[in-house]
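Subject: Structure handover

Hello,

Here is the structure for you to take over. My notes on what was found in it follow below.

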Amino acid sequence: MNTSVLPHVLPLPEAIDSPLEVYPFREGRVELVTRIGSRDQKLWQDCLKGHFFDSRFYELLERTMSGQFEHYYLILRDPEGHTRSIQPFFVIPQDLIVALPDWIRRAVNVVRRLWPNFLILRMLMVGCSLGDGSLVVREHRRTPWHMALLHQVLPKLGRKLRVSLVIFKDFPRNSRPQLVCLRPNGYVRMPSIPCTSLDLNFSCFEDYMKKSLSHATRKNLRRKFRDAERIGRFDMEMVTDLEPFIDEIYPLYLQVFERSKMRFEILTRDYLRQLGRDFPERARFFLWRHHGRIVAFNTCLEHEGILRDCYMGMEYPLALEAHLYFVTIRDVFEWGMQNGIKTYLSGPLNYEPKLHLHMKLVAHDVYVRHLSNLFNPAFKVIAPLMGPTRHDPLLRKFRNFHEIL
């Protein structure tokens with residue numbers, strides 16, 4: 001871990017199986033580690049078996065994204081010393097205004113001329129740095145025990161790691177029954193930035209347009225596709241390893257990243273290079289070539305009939321002239337329909353085209369509290385006003401908007 005980038009990171013233990021800290025409680029003890037040791041590897045793998053982001057994904061993040069996150073794990077042991085669950089978390093400095101309207105960001109930036117770190121807080125986030133949050137408990141009956149220990153250890157841990165906020169990040173809507181205990185313990189639940197999904201129960205893209213889209217949307221899409229055809233052919237190829245193409249695709253990813261108003265993590269070359277090698281049975285990478293040159297790509301993972309679209313890159317200004325976003329969507333949908341994909345799951349943001357394509361919002365929650373018991377009551381009132389979904393009027397136009405609240 002790069003301690004020059006992350007000055008507050010705890011010192012590494014002398015041995016890989018040695019904890020950084022041990023917190024004893026009546027119900028058991030919690031050990032803080034930076035790696036899952038050999039003693040707990042099997043349980044760790046079993047707990048995440050079948051998850052979209054299984055144990056391999058966390059190991060990938062440790063290797064390739066450590067310069068942006070401090071990754072840790074909590075080993076939860078019962079009074080007899082047996083490991084019963086493992087909870088991943090990470091620490092990151094986060095800009096609280098990243099999802100707020102431009103006029104608020106401009107006002108805050110004026111203050112930052114004198115106070116550079118104004119509204120940039122160091123946070124402890126329970127969950128996965130690049131994926132959905134989950135409680136990593138093998139036995140469902142252990143969940144209340146797991147949560148009771150987390151409730152006791154997180155304030156102590158937060159003070160040790162010098163964070164201001166503790167957040168349960170991006171937990172799916174169906175986790176609410178397990179996390180309802182957080183609210184009496186000082187947390188406020190807010191909708192996270194939602195993903196979107198579409199059921200691909202159609203014979204082809206043309207069938208999807210006829211059955212799902214309005215006449216105006218179909219007409220608009222066909223015009224966009226004609227514009228693309230006039231510019232030239234865009235040939236799609238699906239591969240499972242990006243290593244041979246990394247020098248071509250990474251600049252395309254950076255172009256999309258630089259155009260985004262809401263920036264969080266930035267993927268590394270190593271992450272994209274190793275994703276396919278760590279997930280050979282799930283990785284689905286789509287490349288589009290124009291006159292033999294790669295001009296767009298999508299990184300996707302396939303699991304149990306779901307195709308999850310994670311990140312993309314495009315060449316500008318060609319992407320705007322040829323409506324490449326819609327070309328890529330058409331081709332990925334068509335590929336999914338012909339290859340047994342039941343559901344397409346897209347990442348957050350860029351909601352306007354997704355609205356017209358009749359996608360549904362996929363609800364995720366964040367639970368947040370300030371570590372100061374004195375300030376937290378006021379923070380619970382302020383936090384929802386800064387929530388990322390509050391200031392996007394497009395979200396309210398989705399038919400299932402109520403589900404994310």
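What separates D227 and R223 in helix α7? The two are 4 residues apart in this helix, which spans residues 215-231, so about one helical turn lies between them. Before going further, please keep in mind that this is a predicted model.

Salt bridges

Side chains of opposite charge can pair when their charged atoms come close. The whole structure holds 34 salt bridges. D227 and R223 form one of these, with 3.4 Å between the closest N and O atoms. D227 has a relative accessible area of 17% and is therefore buried, the cut-off being under 20%. R223 is partly exposed because its relative accessibility is 36%, which falls between the 20% and 50% limits.

Another salt bridge pairs E302 with R284, and here the closest N and O atoms are 2.8 Å apart. R284 belongs to strand β10 (residues 283-290) and E302 to strand β11 (residues 293-303), so this pair ties together parts that are 18 residues apart in sequence. Both residues are buried.

Elsewhere, salt bridges with shared partners link R29, E31, D40 and R77 into one network.

E31 and its surroundings

E31 sits in strand β2, which covers residues 28-33. E31 counts as buried because its relative accessibility is 7%. Its side chain meets that of R77 in a salt bridge, at 3.0 Å from N to O. Since R77 lies in strand β3 (residues 70-77) and E31 in strand β2, the pair ties together parts that are 46 residues apart in sequence. R77 is buried, as is E31. The side chains of E31 and R77 are also joined by a polar contact of 3.0 Å. Leaving aside residues up to four places away in sequence, E31 touches P19, E21, V22, Y73, L74, I75 and R77.

The second largest pocket

The volume of the second largest pocket is about 890 Å³. It is lined by 35 residues, of which D132, G133, P172, N174 and S175 are the closest to its centre. Elements that contribute two or more residues to this lining are β6 (165-172), β8 (195-199), β12 (306-314), β13 (343-346) and β14 (360-362). The largest share, 3 residues, comes from β14. Sorted by class, the lining has 14 polar, 13 nonpolar and 8 charged residues.

Backbone points to check

Most residues other than glycine have a negative phi, and most peptide bonds are trans.

- Y316 and P317 are joined by a cis peptide bond, with omega at about 5 degrees. P317 is in the loop between β12 and α10 (318-321).
- E304, which is not a glycine, has a positive phi near 50 degrees. E304 lies in the loop between β11 and β12, and its relative accessible area of 65% is why it counts as exposed.
- H323 also is not a glycine, and its phi is positive at about 50 degrees. The loop between α10 and α11 (324-338) holds H323. H323 is buried because its relative accessible area is 18%.

Regards

Notes: Residues numbered from 1 in each chain as written. Predicted model: local features only at pLDDT ≥ 70, side-chain atom pairs only at ≥ 80, totals over all residues. Heavy atoms only, no water. 1 Å grid on protein atoms, 1.4 Å probe; cavity = no way out; pocket = protein on both sides within 12 Å on 5 of 7 lines; lining within 4 Å. Points joined across faces, edges and corners; volume = space filled by probe spheres on them. Nonpolar A, V, L, I, M, F, W, Y, C, P; charged D, E, K, R; others polar. Buried < 20%, exposed > 50% of the residue type's maximum accessible area, 1.4 Å probe, protein only. Polar contact = N/O pair within 3.5 Å; in protein donor to acceptor, adjacent residues only side chain to side chain. Contact = heavy atoms within 4.5 Å. Salt bridge = Lys/Arg side-chain N within 4 Å of Asp/Glu carboxyl O.
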